[in-house]
Amino acid sequence: MLWYIGRRLLQVIPVFLGATLLLYGLVFLRPGDPVAALGGERGLSPAAELAIREAYHLDQPFFMQYLYFLKGVFTFDMGVTFTGRPVVEVIAQAFPVTFQLALMALVIETVFGIAFGLWAGVRKGKLFDSTVLLWSLLLISVPTFVIGFVLQAVVGVQLGWLPITAGRDPDFISLLMPAIVLATTSFAYILRLTRTSVAENITADFVRTARAKGLPRGKIMTRHVLRNSLIPVVTFIGIDLGNLMAGSIVTEGIFNINGVGGTLFQAITRGENVTVVSLSTVLVVVYIFANLIVDVFYAVLDPRIRYA
Amino acid sequence: MPDNRYEKTPRPGQEHFVAPPEDVQVGVVDAVDVSEAPSSLWQEAWRDMRHRPLFWVSAALIVFVILMAVVPGLFTSASPKCVLTDSLGGPTQGHIFGFDKQGCDLYYRAIHGARASVTVGVLSTIFVVVLGTLIGSVAGYFGGWFDTILSRFTDIFFAVPFVLAAIVIMSLLQDRNEVVVAVVLATFGWTSIARITRGAVLGVKNNEFVTAAKALGMGRLAILGKHVLPNAAAPIIVYATVALGTFIVAEATLSFLGIGLPSTTISWGGDLAKAQEAIRVAPEIMIYPATALAITVLSFIMMGDVVRDALDPKARKR
């Protein structure tokens, strides 16, 4: 087991390097010269320009620049934004909000997704099942931002139950609606995954055996059906944590939340390369480690998977 | 009498136990009518699908959406001109949905928006299937170093969140059109297909018919193309149908953010962004592009669902 975790950790390294190089290349190979733009219309004196280029290693070839960036990532010194704030500070401020939002969405989609999926899977082919299935398809088909606007208009404006936007330092209540919106698509996927595997497992031989030996129904459901059905669901949830954090770009825009997504989108439109790359790197790291945790977590759920 | 039915010294090629003919149910083999066409997975799936109403509903919707994209003139003869005096006007004779803020006919825009969405969806799905199948099948079929390198390569692209990458690239590009959006979406969307293909190829490549083809002296690439891939195609096709729907949603999201298709192209995502600007005065404007988009995506996802159920013999039995 330990050997497996170690090997899996080693596999993270090339993926991390490759993904960051990809992002770094994408952002920094864009046309335009940030130093020239800094000088505005009057332009910088050649000496000042040279000094800036040297300070930010812009005189070095692309690959060296990337290595300096990596060094910055590991020493938590990723440079400053256009307004002079350290990028690390921006991340430290934006990250907790998005993390809370993504976590809330994750809890919502998991709890409701598994509950509805289990219920639908047990009653496969019945009216409840078809209704839930159709609704899940609808939720997948409607883009997140449309669901966001509808909820804003109905729950926020007309009914007045929840605040419409979150703003600075949002609390649990004001993050509730954004979290629900963020969770909708994944909720539908988790529901469908759970339903399919519950419906499959419920007719499996080991469930019939459990029933034959007189195990109570509740125990069969939790010990045998649910435990076996959760394996694909857990994989999905692990991948989804990263997606939720990146997907918050749209949701945070709608609800005016100052998280990673909102900050990232502003940085992209303003062309703040350093901020874009740094925030994306944080997202990639979350993504990679969520996948890693899922792989290890497999062992807990499925003893059949052996780690040689 | 020694029982010489089971020979002690094996003949060449029969080093293992061979049952005598009378112990084998030769009759069952003889009963198979060779002249009858073999029933393939797809034939069985089709036999199952054509009895399901959901299949016909989604097929009809897909045909309808494609017609909308190819010949929008079939559904609307309204003028594409926007008249500002009609701004936010309600439904009138010949303009059943009313007008948006710029005074454009909402029905006209809802119909004509199909082309952008369907083009991006179909193109990116084609790109993704070609790229993903190529990489996945080579990794799965040839194995070894190929597999290690290609799988890590896939992991790298998989580790970059899809929405994030699409937004970053699209914001860098100056001239954007349907093809550019499709290429960008495909660049970061192919990893799932590659993984699915690799898994399917791994499951197929050790089958007897592959060994037989190898024994007959068929080239490796020919085996991959003629025997392995056709038998691994089912999960790829199912995923591609669903992916088409999600690509259309992704395009709408990008256009909504203002970094997808240019505002000169009529697209549902762009119209949703415009509707959002007027949401306080006229929230009903949003309904039309949103419904059109949802129906399109729904039809493809529903089709993928039906095909998957029909292809899965385990689900069919029940």
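Let's start with one residue: Leu164(B) touches Ala246(A), Ile249(A), Ser280(A) and Leu283(A), leaving aside residues up to four places away in sequence. Touching, or being in contact, means that the C-beta atoms of two residues, placed from the backbone, lie within 7 Å.

A word on the model itself: it is predicted, so local features need pLDDT of at least 70 and side-chain atom pairs count only at pLDDT 80 or more, while totals for chains, interfaces and linings use all residues. Residues are numbered from 1 along each chain as its sequence is written, with chains lettered from A in the order in which they are written.

Now zoom out to where the chains meet. Chain B brings 30 residues to the contact and chain A brings 33 residues. On the chain B side, the elements giving two or more residues are α5 (144-158), α6 (162-172), α10 (220-256), α11 (268-277) and α12 (287-311). Helices here are DSSP runs (H or I, at least four residues), numbered from the N terminus. That side of chain B divides into 24 nonpolar, four polar and two charged residues. Nonpolar covers Ala, Val, Leu, Ile, Met, Phe, Trp, Tyr, Cys and Pro, charged covers Asp, Glu, Lys and Arg, and the others, Gly among them, are polar.

Elsewhere in chain B, helices α3 (residues 53-70) and α4 (residues 106-142) pack at an angle of about 100°, with their axes 7 Å apart. Axes are lines fitted to C-alpha atoms over the stretch in contact, and angles run from 0 to 180 degrees between N-to-C directions. That makes α3(B) roughly perpendicular to α4(B), a label for angles of 65 to 115 degrees. Among the residues making this contact are Val65(B) of α3(B) and Arg115(B) of α4(B).

How values were computed:
Parallel < 35°, antiparallel > 145°, perpendicular 65-115°, else oblique.
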